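Here is a short briefing on one protein structure. Keep the 3D view open and find each piece as you read.

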Amino acid sequence: IPVPNGFVVSTEEEAIEAFNGIDGSVVVKPDIGNHGKGSTIDVQTVEQLKIAFQLAKARHSDVIVEEYVKGFDFRLLVIDGHLVAAAKREPAHVVGDGQSSIHALVDKANQDPRRGFGHEKVLTQIDIDSMTKSLLTLRGIDLNYCPAQGETIYLKATANLSQGGTATDVTDEVSPDIRLMAERAARIVGLDCVGVDALARDISMPLEASGIKVVEVNAAPGFRMHLEPTHGKPRQVAKPLVNMLFPEPY
């Protein structure tokens with residue numbers, strides 16, 4: 001199972017040592033957490049690392065410093081040993097119009113009737129929180145910045161739908177190699193319903209050529225991105241779960 005190179009640290013000094021031992025930018029995140037809280041991606045300097053370390057440390061005493069994997073964010077859902085759905089996820093973001101500030105663009109995005117609170121609708125409202133402000137600070141901008149026409153500004157470190165992200169169904173694009181890898185990951189951790197989170201350049205390519213790295217395995221994966229994707233074909237993923245729990249008698 002391909003995974004990013006990384007280290008678990010507990011002090012700022014250890015974090016800097018880990019950063020220096022990884023070739024390129026890193027991701028910093030709490031060892032235990034959820035919904036991307038306390039996570040910072042694409043950390044490129046020691047100064048950025050110190051800020052990111054404190055954000056993660058506030059969530060948990062142990063912090064992961066790992067290789068930043070470039071690529072798209074994918075969720076691979078495995079139920080009863082079989083890949084049943086895959087979604088390409090994109091973090092909450094706004095696209096500039098050359099006139100509006102980031103704050104105004106977020107307000108406009110939240111007017112989308114598909115966005116609600118929590119999991120009540122297909123999409124979740126974009127919340128401007130400490131993660132958002134930290135990402136903007138790392139870029140040297142703030143909420144008053146006016147992105148150029150077509151400029152994309154990411155507002156979260158992760159692509160969770162609960163953080164305002166979007167999802168596109170890519171189930172039919174998954175290569176046989178990656179399908180088998182996801183199913184094997186589920187068997188290794190011993191879960192019969194698992195969401196495998198991975199980053200890859202192209203999920204339709206063979207394992208090595210895709211550049212895929214598994215970054216997380218979820219024991220309680222959400223179904224919303226598969227049942228009602230923002231784009232693409234809905235997948236009835238509840239059916240294989242119910243069939244596993246209540247198999248038809250022979």
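I79 has H82 in strand β6 as its bridge partner. The two strands β5 (residues 72-79) and β6 (residues 82-90) run antiparallel, and 7 bridges join them. Bear in mind that this is a predicted model.

**The open sheet**

- β5 and β6 belong to an open sheet of 5 strands.
- The strand order is β11-β6-β5-β12-β13, with antiparallel pairing.
- Which strands stand at the edges? They are β11 (166-169) and β13 (213-218).
- Each edge strand has a single partner, so one of its sides has no neighbour in the sheet.
- On average, neighbouring strands of this sheet are turned by 30° against each other, direction ignored.
- Helix α5 (residues 176-189) lies across β5, β6, β12 (193-200) and β13.
- The helix α5 runs at about 60° to β5.

- N218 lies in strand β13.
- Is N218 buried or exposed? Its relative accessible area is 16%, which is under the 20% cut-off, so N218 counts as buried.
- The side chains of N218 and D197 are joined by a polar contact of 3.0 Å.
- Leaving out residues up to four places away in sequence, N218 touches R75, L191, C193, V194, G195 and D197.

- Helix α1 spans residues 12-21, and its residues A15, A18 and F19 are buried.
- Why are these three on the same side of α1? They cover an arc of only 100° around the helix axis.
- An α-helix has 3.6 residues a turn, so residues three or four places apart point the same way.
- Which exposed residues sit on the face turned away from the buried side of α1? They are E13, E17 and N20.
- The cover over the buried residues of α1 includes the strands β1 (6-9), β2 (26-30), β3 (40-43) and β4 (63-67).
- Helix α2 (46-57) is also part of that cover.

**F117, a residue in a loop**

- Where is F117? It is found in the loop between β8 (115-116) and β9 (123-124).
- F117 has 62% relative accessibility, which is over the 50% cut-off, so F117 counts as exposed.
- F117 and G164 are 47 residues apart along the chain, and their C-alpha atoms are separated by 9.5 Å.

Technical notes:
Residues numbered from 1 in each chain as written. Predicted model: local features only at pLDDT ≥ 70, side-chain atom pairs only at ≥ 80, totals over all residues. Heavy atoms only, no water. Buried < 20%, exposed > 50% of the residue type's maximum accessible area, 1.4 Å probe, protein only. Helix = DSSP H or I, 4+ residues; strand = E, 2+ residues; numbered from the N terminus. Arc of directions from axis to C-beta. Contact = heavy atoms within 4.5 Å. Pairing = 2+ DSSP bridges. Axes fitted to C-alpha atoms, helices over the stretch in contact; angles between N-to-C directions. Polar contact = N/O pair within 3.5 Å; in protein donor to acceptor, adjacent residues only side chain to side chain.
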